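Subject: Structure for your reading

Dear colleague,

Please find the sequence and the structure below.

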Amino acid sequence: GLPTIEVAGFREMSMEPHDGLVEYTRERVSVESSIGRVTVLGTGLTIKRMNRERITVAGTLTAVELQGGGHG
């Protein structure tokens, strides 16, 4: 189904389900999903948790971008 994205203030973003990590730096984390690519921008970003279903990115978030083109 469609992914669920939860944003907790400017500190944390979680998404489930996801289709894998595409890019991971301290300023940008990109994840594939059924609706396209989801990119978190910010500073001091870390992957707090990640398993086959859910990913949680923590740090100081400045933006969450959605790029369509997924396979769902």
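Which backbone nitrogen does the side chain of His-18 reach? The side chain reaches the backbone nitrogen of Gly-20, at 3.1 Å. This is a polar contact (a pair of N or O atoms within 3.5 Å; within protein, one must be able to donate a hydrogen and the other to accept it, and residues adjacent in sequence count only if both atoms are side-chain atoms).

The model is predicted, so local features need pLDDT of at least 70 and side-chain atom pairs count only at pLDDT 80 or more, while totals for chains, interfaces and linings use all residues. Residues are numbered from 1 along each chain as its sequence is written, and side-chain values use heavy atoms, with hydrogens and water left out.

**The surroundings of His-18**

His-18 is found in the loop between S2 and S3. Strands are DSSP runs (E, at least two residues), numbered from the N terminus. A polar atom of the His-18 side chain also lies 2.8 Å from the backbone oxygen of Asn-51. With a relative accessibility of 8%, His-18 counts as buried; the term means under 20% relative accessible area, whereas exposed means over 50% and partly exposed in between (1.4 Å probe, protein chains only). Leaving out residues up to four places away in sequence, His-18 touches several residues, among them Val-31, Met-50, Arg-54 and Ile-55. Contact here means heavy atoms within 4.5 Å.

**The sheet**

The strands form an open sheet of 6, in the order S1-S2-S6-S5-S4-S3, with antiparallel pairing. Its edge strands are S1 (4–8) and S3 (21–24), each of which pairs on one side only. Two strands pair if DSSP finds at least two bridges between them. Strand S2 (residues 12–16) and strand S6 (residues 55–67) run antiparallel and are joined by 4 bridges. Met-15 stands opposite Ile-55 in S6.

**The nonpolar core**

Which residues make up the largest nonpolar core? It has 10 residues in all: Met-13, Met-15, Val-29, Val-31, Val-38, Val-40, Leu-45, Ile-55, Val-57 and Leu-61. Such a core is a set of buried Ala, Val, Leu, Ile, Met, Phe, Trp, Tyr and Cys residues joined through side-chain atoms within 4.5 Å. S2, strand S4 (28–33), S5 and S6 each supply at least two residues of this core. In soluble globular proteins, nonpolar side chains tend to be buried together. Setting aside neighbours within four places in sequence, Val-57 is in contact with residues including Met-13, Val-29, Val-40 and Leu-45.

**Salt bridges**

The count comes to 5 salt bridges, a salt bridge being a side-chain nitrogen of Lys or Arg within 4 Å of a carboxyl oxygen of Asp or Glu. One of them joins Glu-6 to Arg-54, with the closest N and O atoms 3.1 Å apart. Because Glu-6 lies in strand S1 and Arg-54 in the loop between strand S5 (36–50) and S6, the pair ties together parts that are 48 residues apart in sequence. Glu-16 also forms a salt bridge with Arg-54, the closest N and O atoms being 2.7 Å apart. Glu-16 is in strand S2, and this pair links parts of the chain 38 residues apart. Arg-28 forms a salt bridge with Glu-23, at 4.0 Å between the closest N and O atoms.

With kind regards
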